[in-house]
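Let's take a walk through this chain together, beginning with a few backbone details and then stepping back to the overall fold. Keep the structure open beside the text as you read.

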Amino acid sequence: MGKIIKGSNLKKAIHYVKKNGIRQTYYAMKERLQMEMADDYTYEPISDLALKRQIQEGEKFSIKFSLLVPAFETKEEHLRAMLDSVLAQTYGNFELILADASESNQVERVVETYEDKRILYRRLKQNAGISANTNQALMYATGDYAGLLDHDDVLTPDALYEMAKCIVAYEAKDITLQMLYSDEDKCDEKQITYLEVNKKPDLNLDLLLTNNYICHFMVIKRQLLQELGFRSVCDGAQDYDLALRVIAVLLGKGRRPTKKVDLPVAHIPKVLYHWRTHSQSTAENPASKQYAYDAGKRALEDFLRSRGLKGVVSHLRHLGFYRVDYQPDLISNRPDVAVVGGRLLDKKNRIIGGIYTADGKALYQGIHKEFSGYMHRAVLQQEAEMVDIRCMKASREAEIILEEMMGLPYLQHPGTGRFDWRGCLNESIDFADLSRRFCEKVREQGYRIVWDPAMTESM
């Protein structure tokens, strides 16, 4: 891993110091070093036997995919790798639409060497930007679903099969999926080393409002995608903007729902996409496209406005990650959110609790408060299954639930507005069990629970 990022480390460090200061840079570099030393990820290719089975099983499906690829002066070796990865799919019902905005004919020359009729090449009259160029490809799409693929990245051979399989499984439950996404990793320029696997959660609205964790490989119902299109005002973050607008449509016309709504979005927990790193890519050098992160901020601000939410979006210290500060707070803005929890820290400023899985397993445990954790999620607002009542704020509806469980009136701390657990409960109580049962009831009532790491309680 170090061989891939070593050449750009100094440039990144200088940029980071200017943006965040020496103290934050120290902790970021220390954490980065620890993560590099601990990174033992290896991409395991699918076995030949499994691939053959997928080819046979895929013949039962009828889903057609349109893969949209905006191209611009793509290196031949990268273009061929992308094309070959698509043609190597075990599920073959697709069309690959290349919208070429190059000034030269180098992309066209490469495509002409392929005789597969599923490749549709379209030469654009001008380079109008990535959103406008992708919209040109989208015009020709005829598939049931459209997938987004960068011109220098590659799909795993089972990518379309896994997507089709998932779609068909939901159809059996009378659910028509509108968006799907998978896990991903990165590969070096020569596609020899694979690193930084991104294992994603299922749809998490509040996490999506902090960064585009959906990213690659994203597939959307073609009719919906053609209705929405790509917006040039968000060039650089056009995929993020699109994902947010898809969610906005699926949430419905009621801009601020009073309860959590299950959306027809599926996550496939498998790596189906390799994101190539090189000196000009955001995968390798985030600072190379600062405009993209500003565009992401605009996309978030537009989403908030479209939902009637009053909040201020700010950049976090890691590029491409954001924070939404609601006015006057999250619960007041979002009727679907009944509880907001925070971090519990020990005397050494390490996280010892605050956010948990439904069965009580603590997330981010042991991470120093200045570290950001895996994919920076330890510093990101996110929907949670369970938070700790010792560091939380609650809506009146949630307060009533806890009052009924405790048999005591709910007290707010006069200074923080949080639950005054010291004033209400004996410290001998099993807080983990009470928190679990309370959050379970909150979720049963159809409300969201959100974890905000900016809220901190020292134990």
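C215 counts as buried because its relative accessibility is 16%, under the 20% cut-off. You will find C215 in the loop between α8 and β8. Its backbone deserves a look as well: C215 is not a glycine, yet its phi is positive, at about 45 degrees. Please bear in mind that this is a predicted model.

Staying in that part of the chain, the peptide bond from H216 to F217 is cis, with omega near -5 degrees. F217 is placed in the loop between α8 (205-208) and β8 (218-221).

P328 sits in the loop between β11 (322-326) and α12 (330-333).

Another positive phi can be found at Q191, a residue that is not a glycine; the angle is about 60 degrees. Q191 belongs to the loop between β6 (179-187) and β7 (194-198). Is Q191 exposed, partly exposed or buried? With a relative accessible area of 27%, Q191 is partly exposed, because this value falls between the cut-offs of 20% and 50%.

Here are these backbone features side by side:

| Site | Feature | Angle |
|---|---|---|
| C215 | positive phi | about 45 degrees |
| Q191 | positive phi | about 60 degrees |
| H216 to F217 | cis peptide bond | omega near -5 degrees |

Now for a side chain. H267 lies in strand β9 (residues 265-276) and counts as buried at 12% relative accessibility.

Stepping back, the chain's secondary structure comes to 15 helices and 18 strands. The radius of gyration is 23 Å, close to the 23 Å that the globule rule gives for 459 residues, so the chain is as compact as a globular protein of that length. Its C-alpha trace spans about 75 × 55 × 45 Å along the principal axes.

Buried residues make up 54% of the 459 residues. Among contacts with a separation of 6 or more, 73% link residues 24 or more positions apart. The chain exposes about 21,300 Å², of which carbon and sulfur atoms supply 50%. As for charge, the mean positions of the 64 positive and 65 negative charges are 3 Å apart.

Notes:
Residues are numbered from 1 along each chain as its sequence is written. This is a predicted model: local features need pLDDT of at least 70, side-chain atom pairs count only at pLDDT 80 or more; totals for chains, interfaces and linings use all residues. Side-chain values use heavy atoms; hydrogens and water are left out. Helices (H or I, at least four residues) and strands (E, at least two) are DSSP runs, numbered from the N terminus. The radius of gyration is taken over C-alpha atoms; the globule rule is 2.2 Å times the number of residues to the power 0.38. Buried means under 20% relative accessible area, exposed over 50%, partly exposed in between (1.4 Å probe, protein chains only). Contact means heavy atoms within 4.5 Å. Accessible areas come from the Shrake-Rupley method with a 1.4 Å probe; for residues, only the protein chains shown count as cover. Lys and Arg count as positive and Asp and Glu as negative; His and the chain ends are not counted. The place of a charge is taken as NZ of Lys, CZ of Arg, CG of Asp or CD of Glu.
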